[in-house]
Amino acid sequence: MSTAPKFDPNANDQLICGLFSKKEAAQMIADGGTHIHSTTMGYRDEMARFTSALLNEKNPEPHPWQLVTNCREVSLGSSGERYKLIKRATVDMGIFSRRGYSEKVECVLEELITNGIYHAYANADGSHKYRRDSSVKLEDGEALKVRYGASQEGIFISVEDQGGRLSLEDIGSAFYRCYYNQDNQIVEDEQGSGLGLYMVFDLVTHFRVDLYPGKRTVVSCWIAGRRIAHPSIFSFNFFKRGA
Amino acid sequence: MLLDNKFNLKKKFEDGREVIYISGNLDEDARFDEVRKDQPLVFDMRGIVGVNSCGVRNWVNFMRDHKNQPITFRHCSPAIVHQMNMVPSFKGHAQVFSIYVPYACSHCDAEDRVFLDLVKGAREAPTKVPCKNCKVGKMEIDGDEQQYFAFAA
């Protein structure tokens, strides 16, 4: 494993390519890195080149892994519906009987959905609108859009909320705490343990956030199939739009 | 993570000692109130199928509250092993006696789990095992072996 390059927030090129661990990537993200690709191909990697092209666009298009042909979209309006949706998703994607794979997918779906419900929406004073220990029915216009699809190469999952509150700083500090401060990974907060996004990032191959501040957040993930997955091949992308 | 996999805790006496079987999803609803604080604890974890982030916190708090008792984990399912690797305090001061290692067939994609007794010195999982499903292919460890055994380092 190579030494991770130091991220320079003043550099024009926001894309960092190399072969890193997710722990090393977490440090870069905590330092403000927004586009990180760990690959054996360096800047010649197809996905990294795609990101490079997207950096100059006002409205970045989806990465190729987000374009699964049989993708489904389901609206979720309450916390009580989430387990039913997760089960349905694993059945729809044909992985329900594949225990190992479906456990991973269920974990990713549950953490993203839970984050969407309990962290995306705020009161006027900035406090969380919905308490983690309560059963929640989202108001009109707040429903989450959950998308999922499977191909031979892997699974695509995305969860979109209508709050737009997930910041790079929140992600960076959560990742840093969980990878570097392993005696204090867990937060004693009534809204959650602070582990959810870390668990998702650790499980997936590609992780992308599209933030429209105050409007919506789309968190998208790709879980590579077992023959393709490699712990050192992954990407992290954070696009902030309308900034 | 599913509705029909609610967390469950059962105690059984085996060979003169209490063994605590936990199963289902380890989540925010998991409760450990009935676990005693005055004896060594043995947890059988083969039945845990999923662990969410709040379940991790519940468990880590439980481990902290019982830090003065010897604790043993046995028959740890892959869901438990993944958590021990991601969150070191999940294992805490416990000794891990045995785990299940996930395998997948390179020929038919079938999955299986191989039991590994760490006490008897079996520190390494077999590289390949015959597939019971297709009887043609060989099963290999599903995932990165080094990562899977990181908790034991």
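Predicted model: local features only at pLDDT ≥ 70, side-chain atom pairs only at ≥ 80, totals over all residues.
Figure 1. Residues are numbered from 1 along each chain as its sequence is written, and chains are lettered from A and ligands numbered from 1 in the order in which they are written. Just after α1(A), a positive phi of about 105° is found at A:Gly32.

**Figure 2. Chain A as a whole.** Chain A has six helices and eight strands, counted as DSSP runs numbered from the N terminus (helices are H or I with at least four residues, strands are E with at least two). Along the sequence they follow the pattern β-α-β-α-β-α-α-β-β-α-α-β-β-β. The C-alpha trace of chain A spans about 45 × 45 × 40 Å along its principal axes, and buried residues make up 44% of its 243 residues.

**Figure 3. The pair α1(A) and α5(A).** These two helices pack at an angle of about 145°, with their axes 8 Å apart; axes are lines fitted to C-alpha atoms, for helices over the stretch in contact, and angles run from 0 to 180 degrees between N-to-C directions. From α1(A), A:Lys23, A:Ala26, A:Gln27, A:Ile29 and A:Ala30 meet A:Ile171, A:Gly172, A:Ser173, A:Phe175, A:Tyr176 and A:Tyr179 of α5(A), a contact being a pair of C-beta atoms, placed from the backbone, within 7 Å.

Figure 4. The helices α4(A) and α6(A) pack at an angle of about 145°, and their axes are 9 Å apart. Among the residues of α4(A) that meet α6(A) are A:Lys104, A:Cys107 and A:Val108. Leaving aside neighbours within four places in sequence, A:Val108 is in contact with A:Ile157, A:Val200, A:Leu203, A:Val204, A:Cys221 and A:Ile223. In the largest nonpolar core, which has 90 residues, those with the most contacts inside it are A:Ile29, A:Val108 and A:Phe175; such a core is a set of buried Ala, Val, Leu, Ile, Met, Phe, Trp, Tyr and Cys residues joined through C-beta atoms within 7 Å. Helix α4(A) gives the most to this core, with nine residues.

**Figure 5. Where chain A meets chain B.** Here 23 residues of chain A are in contact with 23 residues of chain B. On the side of chain A that touches chain B, the elements giving two or more residues are α3 (82–92), α4 (99–119) and α6 of chain A, and the largest share, seven residues, comes from α4(A).

**Figure 6. B:Leu118 in a loop of chain B.** This residue, B:Leu118, is found in the loop between β7 (111–117) and β8 (128–130) of chain B. B:Leu118 is partly exposed because 17 other C-beta atoms lie within 10 Å. Its C-alpha atom is separated by 7.5 Å from that of B:Ile99, although B:Leu118 and B:Ile99 are 19 residues apart along the chain.

Terms used:
Contact = placed C-beta atoms within 7 Å. Buried ≥ 20, exposed ≤ 12 C-beta atoms within 10 Å, placed from the backbone.
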